[in-house]
Amino acid sequence: MNAVILAVLVMVGLSLARVSVVFALVAGALVGGLFSGLSLTDTLGAFNDGVGGGAKVALAYATLGAFAVALSRSGLPDLLAARLIGLLNGESTPRRQTAIKYGLLGSVTLVAISSQNLIPVHIAFIPILIPPLLVAMNRLRLDRRAVACALTFGLTAPYMLLPVGFGSIFLNDILLANINEAGQSLGLDVTRGMVPMAMAIPVGGMFLGLLTALFVSYRKPRDYATHEIKSSNVPHHTPMHTPSKSGLIMAGVAIIAALGIQLYSGSMILGGLVGFAILSLGGLFKWNEADDLFTSGMRMMALIGFIMISAAGFASVMKATGDIQTLVDASFHIIGDNKPLAALVMLMVGLFITLGIGSSFSTIPIIAAIYVPLALQFGFSPLATVALIGTAAALGDAGSPASDSTLGPTAGLNVDQQHDHIWDSVVPTFIHYNIPLIVFGWVAAMTL
């Protein structure tokens, strides 16, 4: 068996058995490294080398967490929750409850989409916005798996289609740059305008998966016990903060500044720090509270940070085994000259790689150099090549135990310990997004 496949199976199997994702990633990396013939020392060395790259991502999330906690001092999350509960306390008919339910799901989806471009806090908004809404969700008997699917769609689909914010990084700086670099000697030249066009069909498949999750799979009511949200999980919720005009203005200035700095410098860390500093200078919280707020935000994102660090180590071991290239070569040795089967195999190999790494952003540099020559050899057009590589990389991001697209929703929905990361976030998003991505990615490759 290929070492990469074995490592991913071990990691996913342990995660499904409710073992800690960090432990599952470390165990999978050790099994894959040793099975490939690496010594224990070399395996641990590769893992440690990868950890350094993951630390940068973890620090970025911790900084954005602090920025999100500071933004919460504007009182907007509490105000939204209070108004929603007020609507539920009024005269409530089944039709009205249904309207409120889908209005809430639509709003959550739009906020998640905005977190990728307009308000660049990524997943850091989820532990701030979602916990105060849980009481309203319980009153509506809303299945939290639907909320997880809505959040994950908003976290992944925008960067696959819209070249703004995180989408600009994924589509232009990573996908376009790596494809052109790999295809330069082969005469392949892809322009910026081609990339969103190529990704439109796969994203359409994800949208169909979202509609299926909201209106079919998780449409029925689901009951949850109403527990008090612990202040240690949501540090800012006691006492409740009432929005003020000046506070809202400063929050707007901080958001614009954070977005501008991030787009200019390409650094989420610097953007988060500038936003936090502006909120502090704007008087949303006292100067002597700054350290506690910053620490609270970092603590809120700590588990996600450790998982991302472990995932980076896992990815480094997979690269060190050399079996990613072997996996691709073995797959195409069986295919022959069957173009439809070649497209399907490319997508499935990308799924396995991204499931283990947990990041579509990190997958593209691994597969682009291999996939571009293969795609041209099989006669795929430039648009089809972009669709194949972009979809193969995105596959598994929604549905990986180590992906921020699943970790983020769990961080907000599980503060009362009633939302399981694997069975309520990972499995639903895997079913509703990865299956449509495979189907629609294959269609895009064969038709473009």
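**Close-up views of a predicted model**

View 1. Ser405 counts as buried because its relative accessibility is 1%, where buried means under 20% relative accessible area, exposed over 50% and partly exposed in between, with a 1.4 Å probe and protein chains only. The residue is found in helix H19, residues 404-413; helices (H or I, at least four residues) and strands (E, at least two) are DSSP runs numbered from the N terminus. With neighbours within four places in sequence left aside, Ser405 is in contact with Thr152, Leu155, Thr156 and Asp397, contact meaning heavy atoms within 4.5 Å. This is a predicted model in which local features need pLDDT of at least 70 and side-chain atom pairs count only at pLDDT 80 or more, while totals for chains, interfaces and linings use all residues. Residues are numbered from 1 along each chain as its sequence is written, and side-chain values use heavy atoms, with hydrogens and water left out.

View 2. Helix H18 (residues 382-394) is largely enclosed by the rest of the structure, because twelve of its 13 residues are buried. Among them are Leu383, Val386, Leu388 and Ile389, together with Gly390 and Ala394. From its first C-alpha to its last, H18 reaches 18 Å, close to the 18 Å expected at 1.5 Å a residue, the expected span being 1.5 Å times one less than the number of residues. H18 is followed by Gly396, whose positive phi is near 95 degrees.

**View 3. The protein as context for both close-ups.** The protein has 20 helices and zero strands, and buried residues make up 56% of its 448 residues.
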